[in-house]
Amino acid sequence: MIRPPAIDILAAYARARWLASRLTSRTAIEAWQARSLKHFLARRIPAVAAYEGQGSRRLEAYAPIDKAGMMAAFERYNILGLDAQAARKAWQDGTAPRGFAVGASTGTSGNRGFYVVSDAERHAWLGVILARGLPGFWRQRLRVAVMLSANSRLYDAANESGRLALRFFNLNDGLDRQASAVEAWRPDVVIAPPKVLRRLAERDSALAPRHVFSGAEVLDPADRRIIEARFGSPVREIYMATEGLFAVACPQGRLHLLEDHVAFEWETAPGSETLLAPVITDFTRRSQIMLRYRMNDLLDLDPAPCPCGSAFTVVRAVVGRMDDVFLLARPPGATDLPPVAVTPDVIRNAVIDAGPCINDFRVTQIAPDRVDLRLPRQSAAALPDAQRALSALFVRHGAQVEIDARAEALPVSDARKLRRVVRSCP
């Protein structure tokens, strides 16, 4: 007999709540992870070809893998044996095997990544989000609007819960058109990228969600201020990617890693002593094994305890991507040294701090010694200060860069992710 999805969702919700009540110290979290990893490495990973006969070794004994490596041999990392071409077709045609879903990334980095997830994992995913983000959801029926550029069967789990009514609003159909539809539906919860939340905040409407969640893009401080001022509640982030669900913000608005489901290792980002790139092992997944998988994201961790009392690590900010770290030319006479690395958060702060009227911008590295700076026309008066601030930043780091600066309209693509700091050259 097949169990109703609502049972699985509520079971995952209860389990996540129970774990949160038990894992109240770093010692408890690390002990739980050690036990979970031992079982995962012994029992789960040998189910896929990539790790057949390799179970029960120490975590450090397995070589890390990245997106390119996994996509090149995708069939070896999922229990269905789907290669990337078959996964693409299943995703495009909606023909995943019974009991499974196949999804894809947005392809922002130039090539799509795919994932395989079982129905049980979809339900568990929703249960964890509800436990962390909406712990009292079962007391009331909530209308949830999800505004993204790609739908997924992951979201179907919400409508299978029996307590949530979820509608997906496809940004490929145009943000303003979908914004009107969302406003007419009057949801209690809105989940959307920051650029969408900001557009909703700037529209003249009666939209008044009780809960606002941001995901899929970097949440810049300027966007956060505008959104929170309009809706009167904190914007809470959900850190999720093709590779899995990694963090959900607590009711205090601080983003906590899901360390009861994922083990995180850390690599230092070039050009920074504080930013870290995660290497993740999701010890709860069975359909697709994510073992020591290198993420492309840059995180700023916060060592301070959270007022909510949770011992799970706090992420101060997801600040950008590893491949958007600027690699800048050095002055003549120092060309034998490696390029100067400057991380997106430092660049973002230099521009925003240059003038109080700056609430949008684009900074793009277009060559080793050339950077393009654009501000919206309404911030044109601050353009010289922003250019000087960027120039001073690069000089302090030991780079020699020409900055092309101009004020112009900065259109935002409805469907593509907004990246304000981008490295577009090798």
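Helices (DSSP runs of H or I, at least four residues) and strands (DSSP runs of E, at least two) are numbered from the N terminus. The model here is predicted: local features need pLDDT of at least 70, side-chain atom pairs count only at pLDDT 80 or more, and totals for chains, interfaces and linings use all residues. Residues are numbered from 1 along each chain as its sequence is written, and side-chain values use heavy atoms, leaving out hydrogens and water.

**View 1. A216 has a positive phi without being a glycine.**
Most residues other than glycine have a negative phi. Here, phi of A216 is near 80 degrees. You'll find A216 in the loop between strand 6 (211–214) and helix 9 (221–231). With 34% relative accessibility, A216 counts as partly exposed (buried is under 20% relative accessible area, exposed over 50%, partly exposed in between, with a 1.4 Å probe and protein chains only).

**View 2. S56 also has a positive phi, at about 75 degrees.**
S56 isn't a glycine either. Look for S56 in the loop between helix 2 and helix 3. Its relative accessible area is 55%, so S56 is exposed.

**View 3. Y51 and Y62 make one of the aromatic pairs.**
The structure holds seven aromatic pairs (rings of Phe, Tyr and Trp, for Trp the six-membered ring, with centres within 6.5 Å; planes under 30 degrees apart are stacked, over 60 edge-to-face and the rest tilted). The ring centres of Y51 and Y62 lie 5.9 Å apart with the planes at 80 degrees, so this pair is edge-to-face. Y51 and Y62 both belong to the loop between helix 2 (26–44) and helix 3 (67–72), and the pair links parts of the chain 11 residues apart. Buried or exposed? Y51 and Y62 are both buried. There's a charge in this view too: the charged end of R57 sits over the ring of Y62, 4.4 Å from its centre (NZ of Lys or CZ of Arg within 6 Å of the ring centre and within 35 degrees of the ring normal).

**View 4. W91 and F114 form an edge-to-face pair.**
Centre to centre, W91 and F114 are 6.1 Å apart, with 65 degrees between the planes. W91 is in helix 4 (residues 84–93) and F114 in strand 2 (residues 114–118), so the pair ties together parts 23 residues apart in sequence. W91 counts as partly exposed at 24% relative accessibility, whereas F114 counts as buried at 4%.

**View 5. One cavity of 30 Å³ or more is present in the structure.**
A cavity is a set of points on a 1 Å grid over the protein atoms alone where a 1.4 Å probe fits but can't get out; a pocket is an open set with protein on both sides within 12 Å along at least five of seven lines, and lining residues have an atom within 4 Å of a point. The largest cavity has a volume of about 60 Å³ (the space filled by probe spheres set on the points, joined across faces, edges and corners). Its lining includes F114, Y115, T242 and E243. Helix 3 and strand 2 each give two or more residues to this lining, and helix 3 has the largest share, with three residues. The lining splits into six nonpolar, three polar and two charged residues (nonpolar: Ala, Val, Leu, Ile, Met, Phe, Trp, Tyr, Cys, Pro; charged: Asp, Glu, Lys, Arg; polar: the others, Gly among them).

**View 6. T242 sits in the loop between strand 7 (235–241) and strand 8 (244–249).**
Its relative accessible area is 18%, so T242 is buried. Which residues does T242 touch, not counting those up to four places away in sequence? They are A104, S105, G113, F114, Y115 and R285 (contact means heavy atoms within 4.5 Å).

**View 7. The second largest pocket holds about 320 Å³ of space.**
Among its 17 lining residues, R17, A20, R132, C308 and S310 are closest to the centre. Helix 1 (5–22) and helix 5 (119–133) are the elements giving two or more residues; helix 1 gives the most, three. The lining divides into 11 nonpolar, four polar and two charged residues. As for R132, its charged end sits over the ring of F312, 4.3 Å from the ring centre.

**View 8. V318 is in strand 14 (residues 314–321).**
V318 counts as buried at 13% relative accessibility. Leaving aside neighbours within four places in sequence, V318 is in contact with V218, Y239, L255, D297, L298 and L299. Y239 is also in an aromatic cluster with F246, F264 and W266.
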